[in-house]
Amino acid sequence: MSAAPSIVWFRDDLRVADHPALHAAVERGEPVVAVYVLDEESSGIRPLGGAARWWLHHSLASLADDLRELDVKLVLRRGPAGRVIRSLVDETGAGAAFWNRRYGGAEREIDTDLKSSLAEAGLEVRSFAGSLLFEPWTIRTGSDTPFSVFTPFWKACLAADEPRHPLPAPSPGDLTGVGGAHGRGGPASDDLDEWALLPTKPDWAGGIRDTWEPGEAAAHARLQEFLDDDLGDYAKGRDRLDRQVTSRLSPRLRWGELSPHQVWHATRERAAGTEGARKFLSEVGWREFAWHILFHFPDLATKSWRSEFDAFPWPRLKPSALTAWERGRTGVPVVDAAMRELWHTGVMHNRARMISASFLIKNLLIDWRRGEEWFWDTLVDADHANNPFGWQWVAGSGADAAPYFRIFNPELQREKFDPDGAYVGRWVPEYGTDDYPEPIVDLKATRDAALAAYEQVKAAR
Ligand SMILES: Cc1cc2nc3c(=O)[nH]c(=O)nc-3n(C[C@H](O)[C@H](O)[C@H](O)COP(=O)(O)OP(=O)(O)OC[C@H]3O[C@@H](n4cnc5c(N)ncnc54)[C@H](O)[C@@H]3O)c2cc1C
């Protein structure tokens, strides 16, 4: 035995169960250095938004506790990830480095460079599939191209080998940290509090704190609760704004407190063949689809996936309209309810995301990128793929997107999906009183203007 430790680099996989990289370290048998790197410096890395930083803080604290139970200290480091990991290798004399794959463009570049330089230096370096059910390069059309339409994509996924069964969490005694019991003497770590991921002046996170408990244990508890109580209603009830039947697992999947493999198998074991399970897993399939699109089109957050949309004549931005939308003061009640739900809880119901995004793009005629950035900053589940994918889906410029001319009427959406007004009543209690503003735009006139502007996209095709 060489006793040269194994580095396990945690990224968007803040869990100890079904963690293939951690599992590989257990199998290798040497002491483990577990590390998380806050990288806000490498070129092309998108800095996290405020709500995401809040989640990250708490999820890291929870992971550190879980690793401590396994006798391993979570080492926190900050800086360009490639450089940080290389210096940790030098410091610890590591003989191996393991991580679960990332699929964004900049992240892949960092990981590929690092993999080859560490391998050249003689380390055993291995990466694993931990965050997606199907690797993006494995799901291809009959003519060997990536899919651009969801239904055949998901059919191809379902026809592929079933995703692997989740790996167990290591037990106490399976691992030892570098530096003795609980890794106290191991490599130095930053102090999580000093990263200042939590808001202080002002502390706007009260509503988010009341809504969520980040961490792997809470993620599993919610998965079980969803399967017990809500899955049966999911297929019929998932679009209703006034009911809570969706899983609310999106931040768990975003941060990897749960793996999609765990979700897949738990759902199938409980309810395989039911309508609820099929529908729910196909939504998890949309997450796969968004990530596969990002893998093949890394500029998804900034560039139109369908390039003819570059011709869209966005008018000059009216900052007051953008601010009214962000603050939930547009005078359109379902949009305002959605935007206030987002600000207060750090998430928004999927249908509300579609309605509020459509309103921004097609009634306020504001570029989808402005909306995407606001969601990026305010969502606890702000996801590199799902967020820009969702925005481009609504804008019409994305893969398998809603046709541009299909413009949501927020009033009809409210009647259909919040029939008793419970959702609007909860978030916009002053609706119907003199304190509530008049709509900032005329829905019909702005819809017509949006359709007229769209003619230029059609001409560019
Ligand atoms: C404009 C817009 C922006 C969005 N931004 C994000 C984002 O930043 N992060 C994010 O996770 N989702 C995003 N979505 C997708 C979707 O709204 C959320 O995943 C969903 O509302 C999360 O709630 P849930 O966990 O209860 O979903 P459930 O209905 O229980 O679905 C289970 C899981 O499937 C995945 N999923 C469900 N719907 C979608 C979808 N349409 N696209 C991709 N994956 C999906 C999620 O991981 C979700 O947790 C966005 C959608 C739109 C229209």
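A residue counts as buried if 20 or more other C-beta atoms lie within 10 Å of its own, as exposed if 12 or fewer do, and as partly exposed in between. Leu281 has 20 other C-beta atoms within 10 Å, so it is buried. This residue is found in helix α11. Leaving aside residues up to four places away in sequence, Leu281 touches Trp264 and Thr267. Lys236 stands 45 residues from Leu281 along the chain, and 14 Å separate the C-alpha atoms of the two.

The structure is a predicted model. The average pLDDT of the protein is 96, and 98% of the residues score at least 70. For the model as a whole, ipTM is 1.00 and pTM is 0.98. Where pLDDT is low, predicted coordinates should not be read in detail.

The domain assignment gives domain 1 as 1-130, domain 2 as 132-165 + 214-296, and domain 3 as 307-460. Taken over C-alpha atoms, the centres of domain 1 and domain 2 are 25 Å apart. Their contact takes 16 residues from domain 1 and 17 residues from domain 2. On the side of domain 1 that touches domain 2, the residues divide into six nonpolar, five polar and five charged.

Strand β2 covers residues 32-38, and six of its seven residues are buried, which leaves the strand mostly covered. Strand β1, residues 6-10, pairs with β2 in the parallel sense over five bridges. In that pairing Ser6 stands opposite Val32 of β2. β2 is also joined by five bridges to strand β3, residues 74-78, and these two run parallel. There the bridge partner of Val37 is Arg77 in β3.

β1 has another partner in β4, with which it pairs in the parallel sense over four bridges. Val8 stands opposite Phe98 of β4. Strand β4 in turn pairs with strand β5, residues 124-128, in the parallel sense over five bridges. Ala96 stands opposite Glu124 of β5. Read through these pairings, β3 is joined to β2, β2 to β1, β1 to β4 and β4 to β5.

How many of the residues of strand β4 are buried? Five of the five residues of β4, residues 96-100, are buried, so the strand is largely enclosed by the rest of the structure. In a regular strand the side chains alternate between the two faces of the sheet. In β4, Ala96, Phe98 and Asn100 point one way, while Ala97 and Trp99 point the other way, and all are buried.

The ligand is surrounded by 27 residues, and the closest are Thr246, Ser247, Asn350, Asn387 and Gly390. By residue class, the shell around the ligand divides into twelve nonpolar, seven polar and eight charged.

Some points of backbone geometry remain. Most residues other than glycine have a negative phi, and most peptide bonds are trans. The peptide bond from Lys201 to Pro202 is cis, with omega near 0°. Pro202 lies in the loop between α5 (150-159) and α6 (206-211).

Arg248 has a phi near 55°, a positive value in a residue other than glycine. Its place is in the loop between α8 (231-237) and α9. With 18 other C-beta atoms within 10 Å, Arg248 is partly exposed.

Asp400 is not a glycine either, yet its phi is positive, at about 50°. This residue lies in the loop between α16 and α17 (410-417). Is Asp400 buried or partly exposed? Asp400 has 17 other C-beta atoms within 10 Å, so it is partly exposed.

Note on methods
Residues numbered from 1 in each chain as written. Predicted model: local features only at pLDDT ≥ 70, side-chain atom pairs only at ≥ 80, totals over all residues. Near = placed C-beta within 6 Å. Nonpolar A, V, L, I, M, F, W, Y, C, P; charged D, E, K, R; others polar. pLDDT = per-residue confidence, 0-100. Domains from an automatic or database assignment. Contact = placed C-beta atoms within 7 Å. Pairing = 2+ DSSP bridges.
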